[in-house]
Amino acid sequence: MAPAAIKITYDLKPPQGVKHGDKPTQKAQEFPVNASGDSNNTAFYTALRASLDKARNEVGNEITAWRDIIGKAELNKEPKKGASEEDEEDDEELQA
């Protein structure tokens with residue numbers, strides 16, 4: 001039987017014009033489950049939990065960094081006019 005592992009792959013599609021430096025938009029990672037050679041279920045599930053924690057933390061940190069990059073780019077966008085602002089401009093033109 002092949003050794004157990006957790007495999008995570010992502011392929012992000014950031015908006016055009018977002019500067020992300022050297023951060024890769026595609027990544028595949030593998031986190032081995034280092035259980036002892038015996039058939040002890042407790043040892044396997046303990047190792048599985050450790051691998052899941054490592055995968056969650058590592059991938060979570062990477063995705064959080066991307067969220068921050070995209071969030072900053074979104075803040076710098078020009079806000080769109082709301083319907084109420086457009087109506088006010090139309091009313092001003094009619095009154096003039």
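**Entry 1: contacts and fold**

I began with contacts, meaning heavy atoms within 4.5 Å. Residues 24 or more positions apart account for 57% of the chain's contacts that have a separation of 6 or more. I noted that this is a predicted model, where local features need pLDDT of at least 70, side-chain atom pairs count only at pLDDT 80 or more, and totals for chains, interfaces and linings use all residues. Residues are numbered from 1 along each chain as its sequence is written, and side-chain values use heavy atoms, with hydrogens and water left out.

Next I looked up the secondary structure. I took helices (H or I, at least four residues) and strands (E, at least two) as DSSP runs, numbered from the N terminus. The chain has two helices and two strands. Along the sequence they follow the pattern β-β-α-α.

**Entry 2: surface and burial**

I looked up the accessible surface, computed by the Shrake-Rupley method with a 1.4 Å probe; for residues, only the protein chains shown count as cover. The chain's total is about 8,000 Å². Carbon and sulfur atoms hold 50% of that surface.

The chain has 96 residues, and 12% of them count as buried.

**Entry 3: the core**

Which residues make up the largest nonpolar core? I used the term for buried Ala, Val, Leu, Ile, Met, Phe, Trp, Tyr and Cys residues joined through side-chain atoms within 4.5 Å. I found six residues: Ile6, Phe31, Val33, Ala47, Ala55 and Val59. Helix H1 (residues 41-75) gives the largest share of this core, three residues. In soluble globular proteins, nonpolar side chains tend to be buried together.

I then followed Val59. I left aside its neighbours within four places in sequence. Val59 is in contact with Ile8, Gln29 and Phe31.

**Entry 4: aromatic rings**

I paired rings of Phe, Tyr and Trp (its six-membered ring) if their centres lie within 6.5 Å; planes under 30 degrees apart are stacked, over 60 edge-to-face, and the rest tilted. I got one aromatic pair. The ring centres of Phe44 and Tyr45 are 5.3 Å apart and the planes stand at 75°, so this pair is edge-to-face. Phe44 is partly exposed, at 28% relative accessible area. Tyr45 counts as exposed, at 51%.

**Entry 5: salt bridges**

How many salt bridges does a search of the whole structure find? I required a side-chain nitrogen of Lys or Arg within 4 Å of a carboxyl oxygen of Asp or Glu. The search finds four. I wrote up three of these, as follows.

I took Lys27 and Glu62 to start. Their side chains meet at 2.8 Å, N to O. This pair links distant parts of the chain, with Lys27 in strand E2 (residues 26-32) and Glu62 in helix H1, 35 residues apart. Is Glu62 buried or exposed? Glu62 is buried, with a relative accessible area of 14%. Lys27 is partly exposed, at 29%.

I went on to Asp11 and Lys13. Their closest N and O atoms are 2.9 Å apart. Asp11 is partly exposed, at 41%. Lys13 is exposed, at 67%.

I ended with Arg56 and Asp53. Their salt bridge spans 3.6 Å, N to O. The two are separated by about one helical turn, because they are three residues apart in helix H1. Arg56 is exposed, at 55%, and Asp53 is partly exposed, at 34%.

Definitions and conventions
Buried means under 20% relative accessible area, exposed over 50%, partly exposed in between (1.4 Å probe, protein chains only).
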